[in-house]
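Please look over the model below before reading on. My notes follow as numbered points.

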Amino acid sequence: MSDIINILPDSVANQIAAGEVVDRPASAAKELLENAVDAGATQIQLIVKDAGRTLLQVIDNGCGMSDSDARLCFERHATSKIKQSDDLFNLHTMGFRGEALASIAAIAQVELKTRLHDNEIGTCVINEGCQIKSQTPEACPEGTSIAVKNLFFNVPARRNFLKKDTVELSHIEEVFRRITLTNCERTFLFYSNGKLLYDLRPGNLMQRLCQLYGNNYRERFYPVEETTDIVAVKGYIGKPEYAKKTRGEQYIFVNNRFIKHPALSAAIEKAYTDLLPERNYPSYFLNLTVNPARIDVNIHPTKTEVKFIDEHSLFALLRAAAKKALGQFNLATEIDFNPSTEFDFNPPPEGYIPRQPTVKFDPTYNPFDPPEKSTKGPTFSGGYNGGDDTFSKSHQSGNYRQPAETNEPPSNRWDNFFDTDIPTTKQQAPQEAPKPKAIVTNGQCLQVQNRWIVTTMNSGLLLIDQQRAHERIVYERLLNSQASGCSQQMLFPVNCTFSAADADLFNELLPDLQQRGFEIDCLGKNTFVVSATPQGIDTNELQQIFDQMLAEHKGSMLQKHASRDQSLCRSLARQMAIKAGQPLQSDEIQTLIADLFSCTIPDISPSGQKILVILGPDQISKLL
């Protein structure tokens, strides 16, 4: 039998390594930015075109490289960070594996220009697919510039697996944020397709957070600073009232290196016990300084996972530090002793003309008309009208039929389920004051613990989750609504500020938001002014509503067949729906049930959860 084991050529070995180190443009950006930081650069530029497909370039003013180092850096296992195995447990740098440039060069066309500070002329190296095409002297600024062109040009299958540009760019921005949050003393510039997205100047961590996410972040966090023999913790944790539905803004750094550690994340969330609603997560930006000899960072190709010698002690100390900050600053006045020196004012762009405020009213309204002539349905205390609500124009055009206007039972598979007809809005009784525990209407409807509604049916009892039911109603009305006639003008317009990436995404969603009844104008510098909203929106929480909407939209972009319109309406419906624990009056309960059974899908919420349960006589007898 002939020998079957062969030594792989370097080009093949490098492509295999590239599969571990570089799986998308963001991975290449991470390696290049870390090298720039390790080079001691004080100013770093990241330039991308087509989300890194066409060009991904990092320019720094670091120490630079000699002619021989510029050629040797493309070899496998070439690094200046470690010389022996013991150095792995005494790391103070970002990159050390020595495979980054070799892996990138194996799947891209790389142009490297570098010059030492003491030299008058630098060198230019061109590498394509692990083959050095040329190395020539060249006049260039001191430092290093690495341009990665046509990523995956020789691996078309990998290139086809890349997502659309908005998704890939969001991954690059996430890598950029992780690097910049631990290097606040450096200047970072980020360009995408010739547009400046971020211009980050040196400052403290809070100033860097405001530069990345907006000035409104200054009031959202409590400082954390604890020092022990095991670990030193420094950073910020979010106030409970600013918790989010996603874990997007949870950053833990160990010795200025971003990591993912479920145990440490759980320790911080334990500190928020009984402070957050269910499925809400706090934001935090914490840097842990630990003796490098007590951690192992060489367990994952991307170096985002580490092992600690005394993990249990770290868990307890981190939770205690978070609880102390929550208790210490909860009622104390917060003062920022290092405020931004910039004047916090965003002037409108040149040529901007503010929209003249208007007042919309019903010209047919007559306060002396008897109540039975009014077709308006009862108003939910959550700010959303039940029967004939803000989206009346879409109802009148036939997009949505409701029992209150037709006096006909819903014509779907839920017909004839009720023992008696559900009272319509024309048969309303005067509104009653909310009762704290339960409301009974005509012996048919009951609200239990201000969360569930129980009503009788021909086949037994019907149990309805009021929040999910109203979410379904609002969702279908938003899908069928048009902008005209469904907006309420705001007496005082509200400014909303986003990060550069979120501002671009928000700009894409503006036409859809305007179709749903928002009136929004761009003021420049990632700031938007909202002058009108659909009825039912809490204008005091517009910033949180839009932040949550953008977070959910980013998640939906990763789904191949996700509809942007449905995702937007689903997010808004979740924000506008009445919440569990809110008492409802009897006519509100009846209108809610009537509107629910006029929906296309009355039994499933937009998020896929069950809205109602039917308990038949057999099931009830088993319970008793």
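**Notes on the model**

1. Nonpolar cores. The largest nonpolar core has 59 residues, and Leu46, Val148, Phe190 and Tyr198 touch the most other members. A core here is a set of buried Ala, Val, Leu, Ile, Met, Phe, Trp, Tyr and Cys residues joined through side-chain atoms within 4.5 Å. Buried means under 20% relative accessible area, exposed over 50%, and partly exposed in between, with a 1.4 Å probe and protein chains only. Helix α2 (residues 25–38) supplies the largest share of this core, seven residues. A second, separate core holds 29 residues, including Val224, Ile237, Ala243 and Ala322.

2. Basis of the values. This is a predicted model: local features need pLDDT of at least 70, side-chain atom pairs count only at pLDDT 80 or more, and totals for chains, interfaces and linings use all residues. Numbering runs from 1 along each chain as its sequence is written, and side-chain values use heavy atoms, with hydrogens and water left out.

3. Confidence. The average pLDDT (the predictor's confidence in each residue, from 0 to 100) is 77, and 73% of the residues score at least 70. Residues 373–443 need care in reading. Their pLDDT is below 50, yet this stretch has 161 contacts in the model beyond near neighbours in sequence. A contact means heavy atoms within 4.5 Å.

4. Overall make-up. The protein has 17 helices and 23 strands. These are DSSP runs, numbered from the N terminus: helices are H or I with at least four residues, strands are E with at least two. Of the 624 residues, 47% are buried. Take contacts between residues at least 6 apart in sequence: 70% of them join residues at least 24 apart.

5. Val148. Which residues does valine 148 touch, not counting those up to four places away in sequence? They are Leu32, Thr54, Leu55, Leu56, Ile104, Ala108, Gln109 and Val110.

6. The second largest pocket. It contains about 1400 Å³ of space. The search uses a 1 Å grid over the protein atoms alone; a pocket is an open set of points where a 1.4 Å probe fits, with protein on both sides within 12 Å along at least five of seven lines, and lining residues have an atom within 4 Å of a point. Grid points are joined across faces, edges and corners, and the volume is the space filled by probe spheres set on the points. Of the 36 lining residues, Lys245, Asn280, Gln467, Arg574 and Lys579 are the closest to the centre of this pocket.

7. Its lining. The residues divide into 10 nonpolar, 10 polar and 16 charged. Nonpolar covers Ala, Val, Leu, Ile, Met, Phe, Trp, Tyr, Cys and Pro; charged covers Asp, Glu, Lys and Arg; the others, Gly among them, are polar. Helices α12 (466–480), α14 (542–557) and α15 (564–576) each supply at least two lining residues. The most come from α14, with five.

8. Helix α16 (residues 586–596). Why is α16 largely enclosed by the rest of the structure? Because 11 of its 11 residues are buried. Among them are Asp587, Glu588 and Asp595.

9. Ala469. This residue sits in helix α12 and is buried, at 0% relative accessible area. Beyond four places in sequence, alanine 469 touches Ile464, Leu596 and Ile611. Its C-alpha atom is separated by 7.5 Å from that of proline 602, 133 residues apart along the chain.

10. Val530. Valine 530 belongs to strand β22 (residues 527–534). It is buried, at 1% relative accessible area. Contacts beyond four places in sequence include Met490, Cys496, Phe518, Leu542 and Phe546.

11. Positive phi. Most residues other than glycine have a negative phi. Phenylalanine 152 has phi near 60°, in the loop between β6 (143–149) and α5 (156–160). Is phenylalanine 152 buried or exposed? It is buried, with a relative accessible area of 1%. Asparagine 256 has phi near 65° and lies in the loop between β11 (250–254) and β12 (257–259). At 34% relative accessibility, asparagine 256 is partly exposed.
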